[in-house]
Amino acid sequence: MFLLSIILLLVVISVVIYRRIPLPLGSAIVALAWFLLGFISPAMWSLWLVIPLAAVLLILNVPALRRPILSKPVYQVLGNAMPSMSVTEREAMEAGTTWWEKDLFSGRPDWHEFAQISLPQLSDEEQGFLDNEVTELCDMLNEYEIHHHLKDLPAEAWQFLKDKGFLGLIIPKEFGGRDFSPYAQSRIMSKIASRSGTAAVSAMVPNSLGPGELLMKYGTDEQKQRWLPGLADGSEIPCFGLTGPEAGSDAGSIPDVGIVCKGEFEGKEVVGLKLTFSKRWITLAPIATVVGLAFKLHDPDGLLGDQNKSDYGITCALLPASHPGIEIGKRHHPGSPFMNGPIKGEDVFIPVDWIIGGAPMAGKGWRMLIECLGAGRGISLPALSTASGEMLYRTVGAYARIRRQFNTEVGKFEGVQEATADIACCAYTMEAFRQMVTKGLETGAPSVMTAMAKYHATEMMRRVVNHSMDVVGGRAIQHGPRNFLALPYQSVPVAITVEGANILTRSLMIFGQGAMRCHPYLFEELQAIQAEDQEQGLKDFDKLFIRHLGHLFSNVARIKVMGITRARFSGVPENADDFSRRWYQRINLLSSTLAVTSDLALGILGGDLKRREMLSARLGDVHSQLFIACSILKYHSTHGRTDEEDAHADYALRYALYTAQEALYDFYRNFPVRALACVVKWIAFPLGRILSKPDDHAIRKLGGLIMEDNPVRKAFRPYVYENDNPEDPVGRVETTYQMLLSVEPTWSNFVRAQAKGEVTGETLEERLKDAAAKGLIREEDVPKLQEYDARRYDCLLTDAFDKL
């Protein structure tokens, strides 16, 4: 009876914590349960059990006791363990907003809120722009000519980009811009990228990190009126100088400086800045007419009005490219011929009101930049990646069916299906991810979510392109106007390295920002620890810390219950169906486990976790994959149920959540305090892993579906530029594939009969006629099969040149 009483008491405590009952009421419930259980087992009234419980409840409920006994020692330990937060780190943490990723990090996703999220839709104006202007632009582009001959976009394409407002998609209509939604921008960039990566990058930059976005959010009215109309109509070409030889990902260490001083401008002495800078890898710099610059601002003489402040930190300014002292116009060679080059200047004097936002925004450039990186990370690069996934789903899937080896379509070999199934998984995932992320961008600039989007979308693109090269083989490596793969393969590193190198984004940014921005208490606790007024800091910390403990124990209780039941009884969205219910429940368990594991890591390692990048990267992977899984479920729910759609979503969900699970297992295996890690793992996964990776049956199914003209393949077509021109590298594959579909299964019957020696003849025509004479095919099918065979052979050819 005594053991039963203890078990029942633990159940009561777990329920109190699980339901997040306030501490005083929860304590009263536990005490009442203890009293009632005393009637079951009098042994429970022994003082050695009653006194500890009473002491714990008293300490937790009385601040005057809790603060010196519990909160103050923890406050002091953390104060000594946590490294001080620099101004740039603080600004980075405070920048941007949060969205659904915060729910996932908390361990208690609000599925009612999730059910209210509707994926973005294009307006009539946006759809019309895609159908008309974007298609017209794509019609005039030839990526092979751009890469190998022009080394730039055609002049008419540049003029079209300017005239039709492609460079002002984000600019409000009052300044002549298009003012399109994040989703529309993504769709536009995807369609352009599916035709020409060079054109896509050229159009992306003015609409992502650049003067336009900075001006809209922070510029003075005068600056907006001066620059935005020209940026909208293309008469001004912008670039933004952030990175340099000594500072790339570590933008806070930029050596470029601006010294506040007096100087002459337009015949008058004014307060201004003397700038010295050297920037590298700046897209559109060689043709830019307006240059944004990031630099460190110093005011040694207090000319800005604050005599006690000389170092302001990172500041952003906007300069005409023709301004005296600016050296611009040379080009780098990044492997793709978009405009990219260096910018230099020494002792370049500009008036102080050229600071974006004017003098009041001096020193606030880092936060401005962090908040404006969202477009590049959340829209442009994921759009380019998604376009690659969807184009290669269609072209490689088609090619795998057209190409035959050993008398079998190459796409039916299981080794190939491993690659093509992953292509299909990534393409489906990226489209779902893109739609969820652009929806999130409508709410603000979620910095954690966009870092996830940049890293995982570009890494999926890398996987897809590498798999595609394996499947298409020698046909893919030979450059020429027939090749639809070589140039995308060559351009992949651009997306991987820009807007924050992927290694940095994964190992530092996603979890580093995620923990601070998405944890319900951590950032405020850190601020309290580092407060100048330590007495007030302790009071603030005490309130936060007791809530943090409640949050932690609540999640421990959740994973204890869900671990045993494998989350089968946990909550799901009200609109969940038989397909999605179990996936939502698995997300519940993994989300709570992430919350507990993150608190374990932060509590044990403290500031050292920032240096344990492999550990923090794994937690970032868990967080990202949970968001990706939610994206897949949301995307899947917006389509009519088909077996093909279910197969894609099931595979993608299994891959995402299996990856999250394995990241947790790897974390526990490598955590320095193994005993604690093993305890958390045992609580969360008492029966072992909850998921296995996709099995051979799933691989064969998806590897087969990618060769079919299935609903998912059809759904991807509007997202990319595709044509029926048999002389176009993509059109050649698509028209051949469509012809093959029209002659199946007659072609397959003939090929099998030919392999068995059932038909004779020296030429294809003779063998076809013999097959018709023997009743293996119909007479009227002979010309169609001859035409298809000629098209098939042409589709497999590679280019050959008299001389290179």
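Is Arg689 buried, partly exposed or exposed? Arg689 is partly exposed, at a relative accessible area of 39%. Here buried means under 20% relative accessible area, exposed means over 50%, and partly exposed lies in between (1.4 Å probe, protein chains only). Accessible areas come from the Shrake-Rupley method with a 1.4 Å probe, and for residues only the protein chains shown count as cover.

The model is predicted: local features need pLDDT of at least 70, side-chain atom pairs count only at pLDDT 80 or more, and totals for chains, interfaces and linings use all residues. Residues are numbered from 1 along each chain as its sequence is written, and side-chain values use heavy atoms, with hydrogens and water left out.

## Salt bridges

Side chains of opposite charge can pair when their charged atoms come close. The structure holds 35 salt bridges, a salt bridge being a side-chain nitrogen of Lys or Arg within 4 Å of a carboxyl oxygen of Asp or Glu.

| Glu409 | Arg404 | 3.8 Å |

Helices (H or I, at least four residues) and strands (E, at least two) are DSSP runs, numbered from the N terminus. Glu662 is buried at a relative accessible area of 15%.

Asp578 is exposed, with a relative accessible area of 66%, and Arg641 is partly exposed at 42% relative accessibility.

In the pair of Arg404 and Glu409, Glu409 counts as buried, at 7% relative accessibility.

## Helix packing

Helix α13 (residues 211–218) is largely enclosed by the rest of the structure, because 6 of its 8 residues are buried. The buried residues are Pro211, Gly212, Glu213, Leu214, Leu215 and Tyr218.

The axes of α13 and helix α15 (residues 365–372) come within 10 Å and cross at roughly 115°. That makes α13 roughly perpendicular to α15. The crossing is right-handed. Axes are lines fitted to C-alpha atoms, for helices over the stretch in contact, and angles run from 0 to 180 degrees between N-to-C directions. Angles under 35 degrees count as roughly parallel, over 145 as roughly antiparallel, 65 to 115 as roughly perpendicular and the rest as oblique.

Helix α22 (residues 522–529) packs against helix α23 (residues 534–565) at an angle of about 155°, with the axes 8 Å apart. That makes α22 roughly antiparallel to α23. Here the crossing is left-handed. A crossing is left-handed if the near helix is turned anticlockwise from the far one by less than a right angle, and right-handed if clockwise.

Ala453 lies in helix α18 (residues 447–472) and is buried, with a relative accessible area of 1%. From C-alpha to C-alpha, Ala453 and Gly378 are 5.7 Å apart in space, while 75 residues apart in sequence.

## Backbone geometry

Most residues other than glycine have a negative phi, and most peptide bonds are trans. Glu266 has a positive phi, near 55°. Glu266 sits in the loop between β2 (257–265) and β3 (268–283) and is exposed, at 69% relative accessibility. Leu284 also has a positive phi, about 75°. Leu284 belongs to the loop between β3 and β4 (290–298) and is buried at a relative accessible area of 1%.

A cis peptide bond, with omega about 0°, joins Glu744 and Pro745. Pro745 is in the loop between α30 (729–743) and α31 (746–755).

## Surface patch

Ile604, Val673 and Leu676 make a nonpolar surface patch of about 200 Å². Patches are made of residues with over 30% relative accessible area and no salt bridge: like charges are joined within 9 Å, nonpolar side chains (Val, Leu, Ile, Met, Phe, Trp, Tyr) within 5 Å. Val673 is in the loop between α26 (643–670) and α27 (674–684), and is partly exposed at a relative accessible area of 31%.
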